[in-house]
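Student: I have a model open and want to work through it with you. Can we go question by question?

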Amino acid sequence: MKKRQIGQHPIEVTEIGFGSLVMSFGQLDLTPEKGAEIVSYALTRGINLIDTAQFYQTYPHLRLALRSWNGPDPVICSKSLAPDGYGIYKAIEEARRSLDRDVIDVFFLHEVYGLDDLWYRRPALEALNEAKAKGKIRLTGISTHHSDVAEEAAASDGVDVLFPLVNVASMGIRRGDGFGTKEEMERAIATAAANGKGVFGMKAFGGGPLLPRYRECLDYALNIPGLTSEMIGFGSCEEVDRIFDYLDGTLPADYAPDMNRKELFIEETDCIGCGACVERCPNGALHLNADGFSEVDRRLCMTCGYCAPVCPMRAIIMLTKRQD
Ligand code: SF4
Ligand code: SF4
């Protein structure tokens, strides 16, 4: 698999990175052992970039895989939603301890959801840069679904890597209080690259709904000018193989990914209409209906699972129809 340098920084990563959100408690909810098996398989096949987050709770899966891995050290990325310096300090320490690593390669502010939020989290960004100066992380970054945030991050000092949501259908891209476009993200990515930053793309399949357009999604994502690597979520070794088949040109023409493994379900009888999930959804996919219950718009839902943990009633369930 091709490798590229992360912007002007002397770290090489494969053009495909391993996203671990899919195996997390909010999605497939794989055991650490099962998750480690898939991570180990991806490492064996040559993927050298692994993405996790404090929120995903997949450190145990990765740690198991890393302990049994004898090859070159992969590049590890993590992220935190913490808005302040102390929260970031704790998150980095947790990642270093939980992953048995002195240094985390890239650490991101996780899912910055607007320019106001970017401003609010400036102390957190400063803390990332302090941690970099102290050698606890190698590079800083910002992950976002917002094109206006991506534009700002692309031009900002103190941000080494931009991690934007971008896909062929502009699915899930936000701007201000409304929707953004892939063209806006492409411009931000080009600016980031021109400024010497690395760029990792996410949600090439829109979090799942675009999977029927598998080839088209990958053709688009892997050819965005300025993109360093595309993070793909893997829930099985077979899915890892399909990416390699795609890259080798041997993917069967009739390849049809499993579309049935994730679905958001809201148990109305448990919902108290508090609105916490509506506020949490980064994609505007939830609203309170006329009866005051949470309802999902499946055209906008990316099955990311971010809403489930904030529900005080555990009324939101990510159903997984396939267990392997
Ligand atoms: S409704 Fe939940 S699963 Fe769907 S996009 Fe919003 S936060 Fe993600
Ligand atoms: S967070 Fe839970 S209880 Fe609150 S509105 Fe959403 S589904 Fe209902």
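Student: Leaving aside neighbours within four places in sequence, which residues is Ile189 in contact with?
Tutor: This is a predicted model. Contact here needs C-beta atoms within 7 Å. With neighbours within four places in sequence left out, the partners of Ile189 are Leu162, Pro164, Val199, Ile224, Gly226 and Leu227.

Student: Which residues touch the most other members of the largest nonpolar core?
Tutor: In general, nonpolar side chains in soluble globular proteins tend to be buried together. The largest nonpolar core here has 97 residues. Those touching the most other members are Val39, Leu128, Ile142, Leu162 and Ile189.

Student: Is Ile11 buried or exposed?
Tutor: Ile11 is found in strand 2, residues 9–14. Its contacts, not counting residues up to four places away in sequence, are Gln5, Ile6, Val75, Asp105 and Arg138. The cut-off for burial is 20 or more other C-beta atoms within 10 Å. Ile11 has 20, so it counts as buried.

Student: How far apart in space are Ile11 and Ile50?
Tutor: In sequence, Ile11 and Ile50 are 39 residues apart. In space, C-alpha to C-alpha, the distance is 13 Å.

Student: Which residues come nearest to ligand 1?
Tutor: There are 13 residues around ligand 1. The shell divides into 10 nonpolar, 3 polar and no charged. The nearest are Cys281, Ala285, Cys301, Cys304 and Cys307.

Student: And which residues are closest to ligand 2?
Tutor: Ligand 2 is surrounded by 14 residues. By class, they come to 11 nonpolar, 3 polar and no charged. The closest are Cys271, Cys274, Cys277, Ser294 and Cys311.

Student: What is the exposure of Val310?
Tutor: Val310 sits in the loop between strand 15 (294–296) and strand 16 (316–319). Not counting residues up to four places away in sequence, Val310 touches Ala276, Cys277 and Arg280. Exposed means 12 or fewer C-beta neighbours, and buried means 20 or more. With 14 other C-beta atoms within 10 Å, Val310 is therefore partly exposed.

Student: What share of the contacts between residues at least 6 apart in sequence join residues at least 24 apart?
Tutor: The chain has 10 helices and 16 strands. Of its 324 residues, 48% count as buried. Among contacts between residues at least 6 apart, the share joining residues at least 24 apart is 72%.

Student: What radius of gyration does the chain have?
Tutor: The C-alpha atoms fill a box of roughly 55 × 45 × 40 Å along the principal axes. For 324 residues the globule rule gives 20 Å. The chain's own value is close to that, so the chain is as compact as a globular protein of that length. The radius of gyration is 19 Å.

Conventions: Residues numbered from 1 in each chain as written. Chains lettered and ligands numbered in written order. Predicted model: local features only at pLDDT ≥ 70, side-chain atom pairs only at ≥ 80, totals over all residues. Helix = DSSP H or I, 4+ residues; strand = E, 2+ residues; numbered from the N terminus. Rg over C-alpha atoms; globule rule 2.2 N^0.38 Å. Contact = placed C-beta atoms within 7 Å. Near = placed C-beta within 6 Å. Nonpolar A, V, L, I, M, F, W, Y, C, P; charged D, E, K, R; others polar. Core = buried A, V, L, I, M, F, W, Y, C linked by C-beta atoms within 7 Å.
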